[in-house]
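Hi there,

Here is the two-part handover I promised: the structure comes just below, and my notes follow it.

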Amino acid sequence: MSASTTDNAAVHGASAQPGSVGLVEPQTARIDTPLLLDCGRRIESYDLVYETYGELNERADNAVLICHALSGDHHAAGRHRPEDRKPGWWDTAIGPGKPIDTDRFFVVCVNNLGGCKGSTGPLSENPETGRPYGPDFPILTVRDWVNSQHALMRRLGISRWAAVTGGSLGGMQVMQWAISYPEAIAHAVVIAAAPKLSAQNIAFNEVARQAIITDPDFHDGRYAEHGVIPRRGLMLARMLGHITYLSDDAMRAKFGRELRSGKVQYGFDVEFQVESYLRYQGTSFVDRFDANTYLLMTKALDYFDPAAEADDDLATALAPATARFLVVSFTSDWRFSPARSREIVRALLASGKSVSYAEVEAHQGHDAFLMPIPYYHQVLRGYFDNIARDLTEEGRA
Amino acid sequence: MNRPDWDIVTGWIREDARVLDLGCGDGALLRHLIAERSVRGVGMEVDDERVARGVAADLNVIQADLDDGIRDWFEARSFDYVVVSQTIQAIRHPERLLGEMLDIASEGIVTFPNMGYWRNRWQLGVQGMMPTTKALPNPWYNTPNIHLCTLRDFESLCEGLGIEILDRAVVDQNRRSSPLLRALPNWFGEHAIYRIRKRVV
């Protein structure tokens with residue numbers, strides 16, 4: 001295994017910005033241990049694409065797993081090419097000297113199974129048919145993902161994560177890690193998450209799915225074989241998603257009722273800036289994301305409910321966990337509101353776990369978890385500093 | 001630096017106890033209790049900066065506003081002690097908080113600045129102005145301390161709420177105790193420290 005970033009950072013160090021992990025290169029792990037899925041089906045072997053930042057220490061105890069959210073991927077930090085317009089999706093938090101400090105931690109981020117960025121998913125060839133899986137790719141759960149990430153963890157020579165961290169759907173994976181593999185996770189950092197989706201959340205997901213499925217170009221998910229993509233449906237799904245990720249305040253601050261051309265046109269073309277923004281978000285998403293993957297990811301969100309197997313008692317569901325927890329929420333997040341994070345915290349307290357909880361004043365809505373909000377990062381930094389210090393002390397002992 | 005009430009609070013807490021510190025600030029008292037009594041501690045604090053400092057000090061801190069009530073956060077009897085150190089006078093509904101505290105823990109420890117302290121009485125009774133002292137440094141128009149009381153006020157509230165007082169200590173700013181202090185605590189105690197529990201009926 002090689003830590004691609006460090007190699008690259010040495011080569012391209014001069015071009016790297018301070019605090020950036022620099023140029024990074026994804027790697028692929030072929031896992032040949034069959035994965036039995038919650039839906040009852042099996043995947044015999046699969047690829048996981050991942051990136052790493054920083055170096056794994058000799059004791060292999062400084063690894064941090066980053067779990068991505070609905071439309072995320074393995075590219076969490078740095079750039080693939082110097083000319084990339086944007087760095088990885090959580091570059092604000094990961095890098096040398098950043099809250100998740102790559103000078104101290106070996107950070108791993110995996111494109112989840114079923115994804116469309118290189119890990120085995122609907123775009124991959126189905127060995128049984130020789131054609132892309134498309135809609136035949138098995139429905140996955142958060143637990144399936146965690147099981148596959150566990151296989152990768154072993155491949156990387158890691159027996160225990162110093163921390164598993166993620167926001168939104170990523171936070172759900174963190175909880176599942178703490179429940180499924182208590183011995184393999186020392187700290188669980190659960191950000192802007194929920195113990196399960198509300199009916200309203202599921203409703204939003206269903207509208208997104210219907211937008212995709214009813215697109216005439218969807219072809220029951222076999223659009224690839226028809227040489228098309230359900231562009232309009234995927235775009236609508238993303239536009240809807242974006243509305244729920246932002247707060248009313250954030251939209252007002254960002255767009256208000258500003259008109260693109262300064263006056264109303266009495267037509268249905270793009271007039272308001274917010275329309276322009278949403279259409280841009282929608283169309284650019286179509287070019288980088290697969291519709292079948294989107295459907296799978298939303299289902300994984302809907303199904304997540306660890307308490308369901310514990311008489312609907314979250315504290316009982318979390319009882320196996322031995323990790324210490326940090327839970328963070330954002331005041332204007334209405335998709336996964338602070339009330340949902342408080343449910344997690346209360347359950348952790350009730351089952352006697354070690355937990356800290358920060359409720360961050362933020363106007364950006366659900367998206368706030370990606371922003372470098374000073375207080376939020378101060379808490380993250382403080383928490384990860386403690387983890388690093390404990391590792392150093394254990395190393396000396 | 002230890003605050004005047006810490007030694008007495010520490011003396012009342014058993015080794016290895018489960019302690020909830022309401023309004024824990026940056027967690028200094030919790031750290032003290034962990035060091036001195038090996039307690040398993042949780043703090044609750046609303047202020048961002050203090051929460052961040054508590055987390056950075058490796059403490060378990062829950063960010064929440066005590067004025068929103070604490071009962072929903074914790075199971076009944078999930079702590080041995082709930083400590084409210086120099087905080088109760090800044091709470092919107094102290095009487096509600098006291099009740100909730102004693103649902104959550106078997107014992108409560110409450111410390112507050114005594115409004116009946118002679119300097120306060122002098123400033124109010126003779127000088128005719130709201131007191132400002134070391135313990136109550138803020139001017140009346142800009143102070144978090146909205147519910148000041150004397151020892152007698154507190155004890156009569158406890159009586160009304162069915163709360164039993166197990167211990168009481170008073171100290172002055174320098175943590176000295178004296179015969180005068182013991183004889184006339186409501187005059188000479190600058191800080192009051194109580195150990196309380198629900199009266200068994």
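**Helix α6 of chain B**

The buried residues of α6(B) pack against α4 (94-104), β5 (105-113), β6 (163-171), α8 (185-188) and β7 (191-198) of chain B. Helices here are DSSP runs of H or I with at least four residues, strands are runs of E with at least two, and both are numbered from the N terminus. Contact, here and below, means heavy atoms within 4.5 Å.

Before going on, some ground rules. This is a predicted model, in which local features need pLDDT of at least 70 and side-chain atom pairs count only at pLDDT 80 or more, while totals for chains, interfaces and linings use all residues. Residues are numbered from 1 along each chain as its sequence is written, chains are lettered from A and ligands numbered from 1 in the order in which they are written, and side-chain values use heavy atoms, with hydrogens and water left out.

Which residues of α6(B) are buried? In this helix, residues 151-161, they are L151(B), F154(B) and C158(B). They cover an arc of only 70° around the axis, which puts them on the same side of α6(B); the arc is that of the directions from the helix axis to the C-beta atoms. The face turned away from that buried side carries the exposed residues R152(B), E159(B) and G160(B). For both words the scale is relative accessible area: buried is under 20%, exposed is over 50%, and partly exposed is in between, with a 1.4 Å probe and protein chains only. After α6(B) comes G162(B), whose phi is positive, near 70°.

**Where the chains meet**

The contact takes 18 residues from chain B and 20 residues from chain A. The area buried between the two chains is about 1,600 Å², and carbon and sulfur atoms give 53% of that. Buried area is the accessible area (1.4 Å probe) that two parts lose on being put together, summed over both.

Across this interface the rule finds 1 salt bridge, defined as a side-chain nitrogen of Lys or Arg within 4 Å of a carboxyl oxygen of Asp or Glu. R324(A) forms a salt bridge with D58(B), and the closest N and O atoms are 3.1 Å apart. The interface of chain B and chain A also has 12 residue pairs in polar contact, both residues at pLDDT 80 or more. A polar contact is a pair of N or O atoms within 3.5 Å; within protein, one must be able to donate a hydrogen and the other to accept it, and residues adjacent in sequence count only if both atoms are side-chain atoms.

On the side of chain B that touches chain A, α3 (48-56) and β3 (61-63) each supply at least two residues. α3(B) gives the most, with 6 residues.

**Some residues of chain A**

R324(A) turns up again as a contact of H187(A), a residue of strand β10 (residues 187-191). H187(A) counts as buried at 9% relative accessibility. Leaving aside neighbours within four places in sequence, H187(A) also touches residues including A162(A), Y383(A) and I387(A).

T293(A) sits in helix α8 (residues 291-303) of chain A and is buried, with a relative accessible area of 0%. A polar atom of the T293(A) side chain lies 2.8 Å from the backbone oxygen of G114(A).

R104(A) is in the loop between β7 (100-101) and β8 (106-110) of chain A, and is partly exposed at 35%.

**Other salt bridges**

How many salt bridges does the structure hold over all chains? There are 38. One of them pairs R143(A) with D38(A), the closest N and O atoms being 3.2 Å apart. This pair links distant parts of the chain, 105 residues apart: R143(A) is in helix α2 (residues 142-155), and D38(A) is in the loop between β2 (35-36) and β3 (42-43).

E225(A) forms a salt bridge with R222(A), at 3.6 Å between the closest N and O atoms. Salt bridges that share partners join R131(A), D136(A), R222(A) and E225(A) into one network.

Best wishes
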